[in-house]
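Hi everyone, thanks for making time for this. I'd like to walk you through a structure, and here it is on the screen.

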Amino acid sequence: MSPNARIVLLALAGLVLLPGAAAVIAGLPAFGSTIAQYGERINAVAPEARHVANMVSAINFDLRGLDTLGEEFMLLAAITGTVVLLRGRRGEGNTERAMRRPGRAVIPRSEAVVLACRIAGPLTALFGLYVVLHATVTPGGGFQGGVILASGTLLIYLGEGYAGWRDAIRSHWLDALEGGGALLFALCGLAPMLTGAAFMQNILPLGTFRDLFSGGLMLVENLGVALAVTGGFTQLFLEFMEETREAREPEEPGEESA
Amino acid sequence: MTAFPAALLPLPVAIPLVICAAMLATAHFLPGRLPDILATLAALSVAVLCGAIAVHAADGPLVYWFGGWEPRDGVHLGIGFSVDEASGWVAAFIGLLYALTFVFAWGFFDRTHGHFHILMLLFLAAMVGFCFTRDMFNLFVWFEVMSVAAFALTAYHLAESSLAGAINFTVVNSLAGFLMLGGIGLIYAQTGTLDFEGIAAAVAQGGRDPVVAGAFCLVASALMIKGAIVPFQFWLADAHAVAPSPVSVIFSGAMVSLGLFGLAKVSAVVFGGSDQVRHALPALLIGLGSFTALLGGWMALLQRHLKRMLAFSTISHAGIMLTGLGALSVNGTGGMLVYVVGHGLVKGALFMIAGILLATQASIDEIALRGLGRGIWPAGIAMGLAGLLLCGLPLGVLDQGTRLVQGALAQQGHGIALAAGAIGAALTGAAVLRAAGRIFLGLGPDPGDEAGAPSEDEREKANRPLWLMLAPCCVLLALDVGVPAGLIEHALPRAASAFLHRPAVETLAEGPGWLPWISVVAALAGAGYGLFRRRLPALVVRPVSATQSAPTRALEVLHSGLIGDYVAWLGVGVAVVAGVLALA
C-alpha cells in the first residue's frame, strides 16, 4: 500500500469511529463527579485494616498484590528479553575499548564532574533507600526507590569511567539481585499458605499507623520489589552501555543460527 | 481459610514464577541441563495441578480470593480466581504442551544461562493466570506478561528477518494492549468494579449504554488481535515464521487460541447481560470468522516457507473457532473449547516437524526440501497424519471439536459459515499434505533453479537426536487421536454450560457426518493438484490459473510486511467491530 492509501484507509476508519467515540464520551460519568464505589470502599477499609498511610502501597502490595506480582514479573520478562537480545551477538564478556568516531577528540573527564558524582552518588543512593523504606508511609516505594538506586550506579560510570564502573558492578550479582528480589516477592505469596491463610494474606504484625514499620507483609514484598528493580535496571544500563563498546571480533555469527 | 481444592488455585501460577525467579538468581551456577529439567518438571506440575483443579471443579466453579480479601457487602475488594471445569482443562492442556515443548527443545538453548526457560516459564504462568482470573485488570496484566515474554522469544535468533517479524508483532500487540486497557478503563468508569461478576451484574441492569458497547469493542478488538482474526491477522505470519520452532509451537498451539478463549469468556461472562452486545455478536463473529477461515486457508496454500504456511493455517483455524463462538450457544462454545485443545495438539506437532526439518535438513523451504525427507521418514508419517487430521479426518479431539462447531452452526442455519469452515480446513490440509508429499516422498516436478529459496538461509542447531525431537511430536498426535471421545462427550455439556454461566444442557448436537469427509477429499485433491499440475490436461489447469491469479496477487500485496499497513488495517478492524455494535 502506498503511504497515501494507508492514510486514507486510516482516516475512513477514524470517520466511522468518530460518532461512536463521541457517544462513549458523552455517556461517561462527568469529569471529577464521583469517586468509584470500589475506590471509596478501599479508602474506608484499608487504613484501619492494614495500618497503612500510603493507600497506593496498600492497593499495590495487599489488596491487589497479585497484579503487582504480575507486573513485577513482566518487568523481569522485559529485562531478561532485552538482555537476551542485546547479549545475543556479543556474549557476556567485558570489552576493553570504547567505540570511537574517527576525528573526534577525546576530552578527559573534568575533576569537577568526578567531584560532583562522588558527592551526588552516595546522596542519591541514600535518597533511594529512603524512598524504598518509607513505602507504607509516604509516596514512593520499592519500584520508585529501586529506579533511583539504579540510577545512582550510573553516577559511578559518570564519575569513575567505564572501567571503574564495570569493576564495581558485576553482572552475576545483578542477576542474583533481580531474580532474588522477584523470588522474595513470590515467596511472600506462598509463605502465608503454609499457615493455612490465603496467597499473599498479610499475616505479619501490622505495626502502628504512620510508622516506618507498618503494613506487615507489605514491607517484605516492597523490599523484594526494590531489590528486583535495582538489579534489573542496573542490568539494563549495563547491557546498553556494552552496546557502545567495540566488538572484540568483527562479526560473530548469531548464537543459535549456526 | 480456604478449603482444600480451592487452595490449589494459586499454585499453577506461583510455581512457574518461583522456579523462573530462582533460575534467574542462580543463572550462572546452574549446571548444563538443570534448566531443562526444572522447566519440564515445572510445566508438568502445572499440568497435573490444573487437571486436579478441573476434576474438582466439575461440581461447580472453584473460587479463590487473593490476600484473603473476600467480597464485603457485595463489593469486590481484592482479586479473585474463578475456575470452571473447562478453564481448568484448557490450562492443563497448556501445561502439557509446555512440558512437551521443553522436551522438544532439550539442550537447544544451552548457551544462554537458562534465559530461554525463564521467558518460557513466565509465558506459561501468564497463560494459566489468564485462564483462571475473574478480574478485568488482572486479565490485562497476564495478557501483557504473555506479550512481553513473546516479543523477546520471537526475536531470539537475531537475524534480520526475525527482528523484523518481532517488531511487527510488538507494535501490533502493544496496540492491542492499549485498546484493552482503554476498554477496561471505560467499563470501570461506568460500573465501578473490576470483578467479572460485579461488571456483569451492572451491565445487565444498565440497559443500552454506549460506554459498555465501547468498552466491549475495545476489549474484543484486543483479544481478536491476539487471536489473529482478519483484519488483525497480519502480525501472526511474520512472527510465527521467524520465531524458534519450540516457540512457534506455543504461539500456534496455545497463545492464539487463548485470545479467542478470552473473548469467549469476556463476551459470555462479563458482557453477556448487554442486549446490544448479544445481538451484535453472531453477525460479527460468524462473518469475521468465515472470512478468516477462507483467507488463512488460501494464503497457506500459497506459501513455500513451511512455518509461514503453518502460521496461515493457524489463522484459518482461528477463524473456524470464532464461528463456533459466534453461535453463542453451549454447543458452539463447547465445540470451540474442544477445538482449541485439538488444534493445539495437531498444530504443535506440525511445528515440531518443521523444527525437525530445520535441524536435520537445514532448510524450511518446501521446494528446496523436495525428497530430502526420505532419510527421516518417521517424521513424514507424523506429518501426513497431522495433515489429514488438520483437514478433518474423522478421528480424535480436533475432529470432535469440528463436528460440534459444525453442529452448532447447522442448528442455527449458518450455511455459509459451515461451508467456509470446511473449505478453510480443506485448504490448510491441502497445503500441509502437498508439502509432506513433496518433502518426504519426493513428489512433484523437479524444481531446477526454483529450488533456491527466496528467503534467507535458515537452520536450527542440530544437537539433538531425531527420536528426542520426534517423541514429543508423536505424544501430541497420540493424545489427539487417543483421548476417548466418550470422556469428552460425557463432560462437555456440563463444562461448557458452566463456562458460559448457563443452565446445564443434556447433549450437544454434532454436524453431518459426511462434511469432514468432503474436507478430506478436497484437501487430497488440492494437494494432488499442487503436486501434479504439470501432468494434468490443460483443460483443468487453465481455468484454475486464470481465475486465481488476480485475487492471489492482491492477497500477496496486502501481506506486505510493512507495519504501517498493518496498523491501518487494525484501525479498519476496530471500526468494523464498532460499526456492527452500533447497528445492533
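This is a predicted model: local features need pLDDT of at least 70, side-chain atom pairs count only at pLDDT 80 or more; totals for chains, interfaces and linings use all residues.

Where they touch, domain 1 of chain B contributes 30 residues and domain 2 of chain B contributes 44 residues. On the domain 1 side, helix H4 (85–104) and H5 of chain B each supply at least two residues. Which helix gives the most to that side? That would be H4(B), with 12 residues. By type, the domain 1 side divides into 20 nonpolar, 7 polar and 3 charged residues.

Now chain B as a whole. Chain B holds 22 helices and 2 strands. Along its principal axes, the C-alpha trace of chain B spans about 75 × 60 × 50 Å. For 584 residues, a compact globule would have a radius of gyration near 25 Å, and the 23 Å of chain B agrees with that. Buried residues make up 65% of chain B. And of the contacts in chain B with a separation of 6 or more, 83% are between residues 24 or more positions apart.

Next, the contact between the chains. Chain B puts in 68 residues and chain A puts in 63 residues. Several helices of chain B each supply at least two residues to the side that touches chain A, including H2 (11–25), H7 (160–191) and H9 (210–226). That side of chain B divides into 44 nonpolar, 17 polar and 7 charged residues.

Let me stay with H9(B) for a moment. H9(B) has 17 residues and reaches 24 Å from its first C-alpha to its last, close to the 24 Å expected at 1.5 Å a residue. Is H9(B) mostly covered or mostly uncovered? Mostly covered: 17 of its 17 residues are buried. Just after H9(B), Ala228(B) takes a positive phi of about 55°. Then comes a cis peptide bond, joining Val230(B) and Pro231(B), with omega at about 5°. Pro231(B) sits in the loop between H9 and helix H10 (234–242) of chain B.

Two other residues have a backbone angle to look at. Leu328(B), a residue other than glycine, has a positive phi near 55°, and its place is the loop between helix H13 (306–326) and helix H14 (330–360) of chain B. Leu328(B) is buried, because 22 other C-beta atoms lie within 10 Å and the cut-off is 20 or more. Over in chain A, Arg210(A) is not a glycine either, and its phi is positive at about 70°. Arg210(A) lies in the loop between helix H7 (171–194) and helix H8 (217–242) of chain A. With 14 C-beta neighbours inside 10 Å, Arg210(A) counts as partly exposed.

Finally, confidence in chain A. The average pLDDT of chain A is 88, and 94% of the residues score at least 70. Over residues 250–258 of chain A, pLDDT stays under 50. For that stretch of chain A, the model has 18 contacts beyond four places in sequence.

How values were computed:
Residues are numbered from 1 along each chain as its sequence is written. Chains are lettered from A and ligands numbered from 1 in the order in which they are written. Two residues are in contact if their C-beta atoms, placed from the backbone, lie within 7 Å. Helices (H or I, at least four residues) and strands (E, at least two) are DSSP runs, numbered from the N terminus. Ala, Val, Leu, Ile, Met, Phe, Trp, Tyr, Cys and Pro count as nonpolar, Asp, Glu, Lys and Arg as charged, and the others, Gly among them, as polar. The expected span of a helix is 1.5 Å times one less than its number of residues. A residue is buried if 20 or more other C-beta atoms lie within 10 Å of its own, exposed if 12 or fewer, and partly exposed in between; C-beta atoms are placed from the backbone. pLDDT is the predictor's confidence in each residue, from 0 to 100. The radius of gyration is taken over C-alpha atoms; the globule rule is 2.2 Å times the number of residues to the power 0.38.
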